[in-house]
Amino acid sequence: MLGLDLLDERHVSIVKEAIAEGRIGFIVESIHVSDDRAHVLYGECLPHLADQDGMEHDDAAFVPALEALGEAPVLDRHMLKLVLDALESDSLSVLGYRLSGDNISDPRRWAHIRDQIAARPELASRLVLKLTGIQTFADAALAINSLSEAKGLGCRLAIDDHLSWTGIICALTRKHGHSVRLCEDGSILM
């Protein structure tokens with residue numbers, strides 16, 4: 001973003017400043033059933049940032065840097081608040097957000113996510129937490145427990161690259177018994 005190297009720590013301060021000043025928002029992209037473009041499963045909330053000059057930057061401009069620096073949970077906590085606010089203001093919407101795997105593999109970071117959802121339990125059934133297969137987990141049991149907790153709160157999960165998540169998906173399906181749907185973007189929704 002703004003001509004910075006991917007691993008430049010200034011990405012983090014730019015995002016934190018934008019959060020503090022209310023310059024982070026999102027656009028919604030519809031996620032459809034794989035074989036029925038007319039059937040929208042949910043709206044995925046993609047972050048965007050307005051810089052101090054008013055120029056808009058989509059998530060590709062700053063999220064990869066946050067992920068590379070291990071700082072994506074800073075954005076995730078803020079985005080989850082925005083998504084929950086949007087769900088609260090529109091009782092018919094179903095929205096999702098792509099969480100960094102760093103939230104799932106760290107109990108303290110997961111507590112921030114879990115507590116936000118638990119504080120507004122009436123919204124959980126309309127919240128989709130999307131995860132990617134990019135993150136490898138040193139402790140798969142911790143990941144399963146965190147995601148199981150999200151399911152227990154009522155959230156739905158969407159998982160990209162589900163082949164690398166087969167063990168976790170099987171464990172969650174056994175524990176919660178939910179059906180799985182294939183989305184047009186290749187993710188599965190459970």
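Biologist: How many residues does helix α6 have, and how far does it reach from its first C-alpha to its last?

Modeller: A word on the source: this is a predicted model, where local features need pLDDT of at least 70, side-chain atom pairs count only at pLDDT 80 or more, and totals for chains, interfaces and linings use all residues. Residues are numbered from 1 along each chain as its sequence is written, and side-chain values use heavy atoms, with hydrogens and water left out. Now, helices (H or I, at least four residues) and strands (E, at least two) are DSSP runs, numbered from the N terminus. The expected span of a helix is 1.5 Å times one less than its number of residues. Helix α6 (residues 140-153) has 14 residues and reaches 20 Å, close to the 20 Å expected. Just after α6, G154 has a positive phi of about 110°.

Biologist: What span should the twelve residues of α5 have, and how far apart are its end C-alpha atoms?

Modeller: At 1.5 Å a residue α5 should span 16 Å, and its end C-alpha atoms are 15 Å apart, which agrees. Look at its start too: a side-chain oxygen of D106 comes within 2.8 Å of the backbone nitrogen of R108. That is read as a polar contact, meaning a pair of N or O atoms within 3.5 Å; within protein, one must be able to donate a hydrogen and the other to accept it, and residues adjacent in sequence count only if both atoms are side-chain atoms.

Biologist: Which residues of α5 are buried?

Modeller: Buried means under 20% relative accessible area, exposed over 50%, and partly exposed in between (1.4 Å probe, protein chains only). In α5 the buried ones are W110, A111, I113, Q116 and I117. An α-helix has 3.6 residues a turn, so residues three or four places apart point the same way. The buried residues of α5 pack against α3, α4 (101-104), β5 (127-131) and α6. For α6, the buried residues are A143, S146, L147, S148, A150 and K151.

Biologist: At what angle do α5 and α6 pack?

Modeller: Axes are lines fitted to C-alpha atoms, for helices over the stretch in contact, and angles run from 0 to 180 degrees between N-to-C directions. Angles under 35 degrees count as roughly parallel, over 145 as roughly antiparallel, 65 to 115 as roughly perpendicular and the rest as oblique. Here the angle is about 5°, with the axes 10 Å apart. That makes α5 roughly parallel to α6.

Biologist: Which residues in α5 and α6 meet?

Modeller: Contact means heavy atoms within 4.5 Å. From α5 come P107, W110, R114, I117 and A118, and from α6 come L142, S146, E149, A150 and L153. For classes, Ala, Val, Leu, Ile, Met, Phe, Trp, Tyr, Cys and Pro count as nonpolar, Asp, Glu, Lys and Arg as charged, and the others, Gly among them, as polar. This contact has seven nonpolar, one polar and two charged residues.

Biologist: At what angle do the axes of α3 and α5 cross?

Modeller: The axes of α3 (residues 72-89) and α5 (residues 107-118) come within 10 Å and cross at roughly 5°. That makes α3 roughly parallel to α5. On the α3 side you find P73, D76, R77, L80, K81 and L84, meeting R109, H112, I113, Q116 and I117 of α5. By class, that is five nonpolar, two polar and four charged residues.

Biologist: Is Q116 buried or exposed?

Modeller: Compare its percentage with the cut-off: at 19% relative accessibility, Q116 counts as buried. Beyond its neighbours within four places in sequence, Q116 touches R77, L80, K81 and L84. A polar atom of the Q116 side chain also lies 3.2 Å from the backbone nitrogen of K81.

Biologist: Where is R120 found?

Modeller: R120 is in the loop between α5 and β5. With a relative accessible area of 14%, R120 is buried. Setting aside neighbours within four places in sequence, its contacts are K81, L84, D85 and E88. For contrast, L92 sits in the loop between α3 and β4 (95-98), and L92 is exposed at 76%.

Biologist: How many helices and strands are in the protein chain?

Modeller: There are seven helices and eight strands. Of the chain's 190 residues, 48% count as buried. To see how the chain comes back on itself, take contacts between residues at least 6 apart in sequence: 68% join residues at least 24 apart. As an example, L82 in α3 touches I24, G25 and F26, leaving aside its neighbours within four places in sequence.
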